[in-house]
Amino acid sequence: QDQFTVIMDSGEILKASASEFVSKHDKVDPDEALTYRQVAFDLLKMRGWSNLATLLLPGMDKYTMIADEYVYISKKEGKKPVARIIFVLPSKGWICPETMQNWIKAVDDVDFGGERNVCKNEILLAMVDEDSLTTYYDLVLGLEPIAARHAKQFG
């Protein structure tokens, strides 16, 4: 299986200025790089995820992210981190089914190592609209917003 390249980790992302972040993510235009930064801050600061890193997967011209979300396993086991893969789509972007399939295949082909519990069957798409609202969709289970699905499941 293929390996990935870590571009920046949580500590670097939180310390870097916007221009430093953009310069490290030079495969995309500056506006798109800033969208990645916005999603990283949303996940780390607003949603409480941890151990986030921006990655470049083999054969991809866009970056992706991996981050740990703490999920409730059972009362006995408590909360355990599950590493999620996140792709980012800016408000002016568009995506076709073939692209989503290529992203899913790219994730499937990568060896993330045994250190993290990477959930390859729940790949998230973070869509950021023009007013900076970020909505997360699951690429594998369907494009229903995660918050709406959780409301039906647990609400």
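Predicted model: local features only at pLDDT ≥ 70, side-chain atom pairs only at ≥ 80, totals over all residues.

Residues are numbered from 1 along each chain as its sequence is written, and side-chain values use heavy atoms, with hydrogens and water left out.

Thr 35 sits in helix H3 (residues 30–46); helices (H or I, at least four residues) and strands (E, at least two) are DSSP runs, numbered from the N terminus. With 12% relative accessibility, Thr 35 counts as buried, where buried means under 20% relative accessible area, exposed over 50% and partly exposed in between (1.4 Å probe, protein chains only). Beyond its neighbours within four places in sequence, Thr 35 is in contact with Val 88, Pro 90 and Val 128 (heavy atoms within 4.5 Å).

Helix H3 also carries Tyr 36, whose partner Tyr 63 is in strand S3 (residues 63–74), 27 residues apart. Aromatic rings of Phe, Tyr and Trp (its six-membered ring) pair if their centres lie within 6.5 Å; planes under 30 degrees apart count as stacked, over 60 as edge-to-face and the rest as tilted. By this rule there are 3 aromatic pairs. The rings of Tyr 36 and Tyr 63 have centres 6.0 Å apart and planes at 90°, so this pair is edge-to-face. Both Tyr 36 and Tyr 63 are buried.

For Phe 87 and Trp 103 the ring centres are 4.4 Å apart and the planes at 10°, so the pair is stacked. Phe 87 belongs to strand S4 (residues 78–89) and Trp 103 to helix H4 (residues 97–108), so the pair ties together parts 16 residues apart in sequence. Phe 87 is buried, at a relative accessible area of 1%, and Trp 103 counts as buried at 6% relative accessibility.
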